[in-house]
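Colleague: Hi! Could you walk me through this one?
Modeller: Happy to, here it comes.

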Amino acid sequence: MTLIKKPLALAGALLGLLGPAALAEVDANVAKTIKTRLEAGNPKATYGEVRESPIKGLYEVDVDGGNTTLFVSQDGSHFIYGDLFQVKNGGGLANLSETRRTGHRAKVMGDQNVEDMIVFSPKGETKASIYVFTDVDCGYCRKLHQDVPELNKRGIEVRYLAFPRGGLQSLGYRKLATAWCADDSNKTLTALKNRENVPLKVCNNNPVAAQYKLGNEAIDVRGTPTIVMEDGRVVPGYLPPASLVKELGI
């Protein structure tokens, strides 16, 4: 199997190759051949369903939860790794891969139980909600948390999910689990982010490990804070309230 590690960022090369917007169902034998070859090439990865791609002769296969898509030949012997761009008729480019990922993230986050998150809600109308993968020891996580009262005033609900940067065996995990296990999780999380001395207490069946896995596998969190909008867009890092409000369109 040949791996071509040149992303499809040169979208102009695709002009004239783009197929129709409505994609046909993949022949079962073709799908089986592609999955078999990919699994033989890298059995450690998990592969999604085989789809027709907008490029004739290539097929799309999501890898490891949908954050990566391969564009595979019909016999499964070659694939291209990278984002797929479309040259729009009126000019400009559209990142079709990111559009698909955005929809995937929106669905994944929408399926999560908000009761498992630590939520800071506006007292008045909630105009928008954001999901924030957070740690307690990162500087920009603390800076964002200092902005939460202002965000709430502007009608933005902040939904925290745990993402211990040091992993599940780290002190950061124990601190986050302490917040999620506390009777008053909001108060405890704030105290930890303010570097107050909080006795650590990790309860059974806390959601920190599951949220850490979610961030790694489904959202592709690479640092904290990572903000996920309800529509699936991602902000990898800190934004001040005014900029966040602008991004949310409220």
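Colleague: Let's begin with the link of Cys181 and Cys203: left-handed or right-handed?
Modeller: That link is left-handed, with -80 degrees about the S-S bond. The pair joins distant parts of the chain, 22 residues apart: Cys181 is in helix H5 (residues 171-181), while Cys203 is in the loop between helix H6 (185-193) and helix H7 (208-219). Helices here are DSSP runs of H or I with at least four residues, strands are E runs of at least two, and both are numbered from the N terminus. One caution: this is a predicted model, so local features need pLDDT of at least 70 and side-chain atom pairs count only at pLDDT 80 or more, while totals for chains, interfaces and linings use all residues. Also, residues are numbered from 1 along each chain as its sequence is written, and side-chain values use heavy atoms, with hydrogens and water left out.

Colleague: Thanks! How far apart are the sulfur atoms of Cys181 and Cys203?
Modeller: They are 2.0 Å apart; a disulfide is called when two cysteine sulfur atoms are within 2.5 Å.

Colleague: And how exposed is Cys181?
Modeller: Cys181 is partly exposed at 21% relative accessible area, and Cys203 is partly exposed too, at 31%. The cut-offs are under 20% for buried, over 50% for exposed and partly exposed in between, using a 1.4 Å probe and protein chains only.

Colleague: How many disulfides does the structure hold?
Modeller: Two. The other joins Cys138 to Cys141, S to S 2.0 Å. Its torsion about the S-S bond is about 105 degrees, so this disulfide is right-handed. Both Cys138 and Cys141 are buried.

Colleague: Which residues of helix H3 are buried?
Modeller: In H3 (residues 139-146) they are Cys141, Arg142, Leu144 and His145. Down the axis of H3 they fall within an arc of 160 degrees, so they line one face of the helix; the arc is taken from the directions from the helix axis to the C-beta atoms. Tyr140 and Gln146 are exposed, on the face turned away from the buried side.

Colleague: What do the buried residues of H3 pack against?
Modeller: Strand E8 (118-120), strand E9 (128-134), helix H4 (148-153), strand E10 (156-162), H6 and strand E11 (226-229). Contact means heavy atoms within 4.5 Å.

Colleague: New topic: which residues touch the most other members of the largest nonpolar core?
Modeller: Of its 29 residues, those are Ile130, Val158, Tyr160, Trp180, Leu189 and Ile227. H5 gives the largest share, five residues. Such a core is a set of buried Ala, Val, Leu, Ile, Met, Phe, Trp, Tyr and Cys residues joined through side-chain atoms within 4.5 Å.

Colleague: What is Val158 in contact with?
Modeller: Leaving aside neighbours within four places in sequence, the contacts of Val158 include Ile118, Phe120, Ile130 and Leu151.

Colleague: Last one: how many salt bridges does the structure hold?
Modeller: There are 15, each with a side-chain nitrogen of Lys or Arg within 4 Å of a carboxyl oxygen of Asp or Glu. Arg51 and Asp62 form one, 3.0 Å from N to O. Arg51 lies in strand E2 (residues 47-52) and Asp62 in strand E3 (residues 58-63), so the pair ties together parts eleven residues apart in sequence. Asp62 is buried, at 17% relative accessible area.

Colleague: Which residues are linked with Arg51 in a network of salt bridges?
Modeller: Glu60, Asp62 and Arg100. Elsewhere, Glu157 pairs with Arg159, the closest N and O atoms being 2.7 Å apart, and both of these residues are buried.
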